[in-house]
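Morning, everyone. I'll keep this short. Please look at the screen.

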Amino acid sequence: MAHQHSFSRDAGPLGLLIGEQRMSRRAILRKLAGLTLAGGSITSFITSCGLPTNLSPASQTSTGSPTNPPSVLRTSTSSSLRTALYTYRGHSAGVMGVAWSPDGKRIASGSNDGTVQVWDAANGGHVYTYHGHADDVNAVAWSPDGKRIASGSDDDTVQVWDAANGGHVYTYRRHADAVWGVAWSPDGKRIVSGSGNIDTGRGDTTAQVWDAANGGHVLIYLGYSEPVWTVAWSPDGTLIASGSVDKTVQVWRAQ
């Protein structure tokens, strides 16, 4: 018995596997002799004992089985979940768009309640509510200097208003369907807006550029077959990228 104990200890993992199967000492010796004569491997020996051959180092050293590893192996290494600093609850319907002011002090949000609301980014305190739209507000964007806000709506308009007090500046009315995206040029002189009928997938399907000073029309981009969902200017202001329900992003010259 002392000799048998010594064999199991010296064999390491193999001894443990044999012990688990409760094989007799004679059966063990026969198996090992067969391996030696036939030039077999430890893998074939394990297989003949009825044990799995796909054991990974992790499963061999853990306390769980290969098919049900210990929970520590499934623990995510991602960063911890965060909680909100504060929650602004001024809207009465879903919020479709949010944007930070360039100085980071305020946030504008557009909602299906037909309003754009501006609030303090430091504590969530309400600043004012803009009531100029007649339908859902889908997008909001601050001018680069932070003095104005543009908002696009299901009422087919883009409206520009004073970011300091919510006073109306002007309304752009050249779209024939809901406006889904708005963006200011880097120099603040122009605005691009994307439109389309999301229910039919047709309708307007244009991106339009216009003068941010007075709403004067500049150009229309007709490259899409379905609604234009989002728009963005290049940092140098020479190009515009637009994304559509037709599954494409297109880039075109802004001038």
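Start with His91. His91 is buried, because its relative accessible area is 16%, and buried means under 20% (over 50% is exposed, in between is partly exposed; 1.4 Å probe, protein chains only).

A word on the source. This is a predicted model, where local features need pLDDT of at least 70, side-chain atom pairs count only at pLDDT 80 or more, and totals for chains, interfaces and linings use all residues. Residues are numbered from 1 along each chain as its sequence is written, and side-chain values use heavy atoms, with hydrogens and water left out.

Back to His91. Where is His91? In the loop between helix H5 (57-61) and strand S1 (95-100). Helices (H or I, at least four residues) and strands (E, at least two) are DSSP runs, numbered from the N terminus.

What does His91 touch? Leaving out residues up to four places away in sequence, Ser109, Ser111, Asp113, Thr115 and Gln117. Contact here is heavy atoms within 4.5 Å.

Two polar contacts next. The side chain of His91 meets that of Asp113 at 3.1 Å. With the Gln117 side chain, the value is 3.3 Å. The rule is a pair of N or O atoms within 3.5 Å; within protein, one must be able to donate a hydrogen and the other to accept it, and residues adjacent in sequence count only if both atoms are side-chain atoms.

Now the sheet. Four strands form an open sheet, S1-S2-S3-S4 in order, with antiparallel pairing. Pairing takes at least two DSSP bridges between two strands. S1 and S4 (126-130) are the edges; each has a single partner strand, so one side of each lacks a neighbour in the sheet. Strands S2 (residues 106-111) and S3 (residues 116-120) run antiparallel, joined by 5 bridges. Arg106 has Asp120 as its bridge partner in S3.
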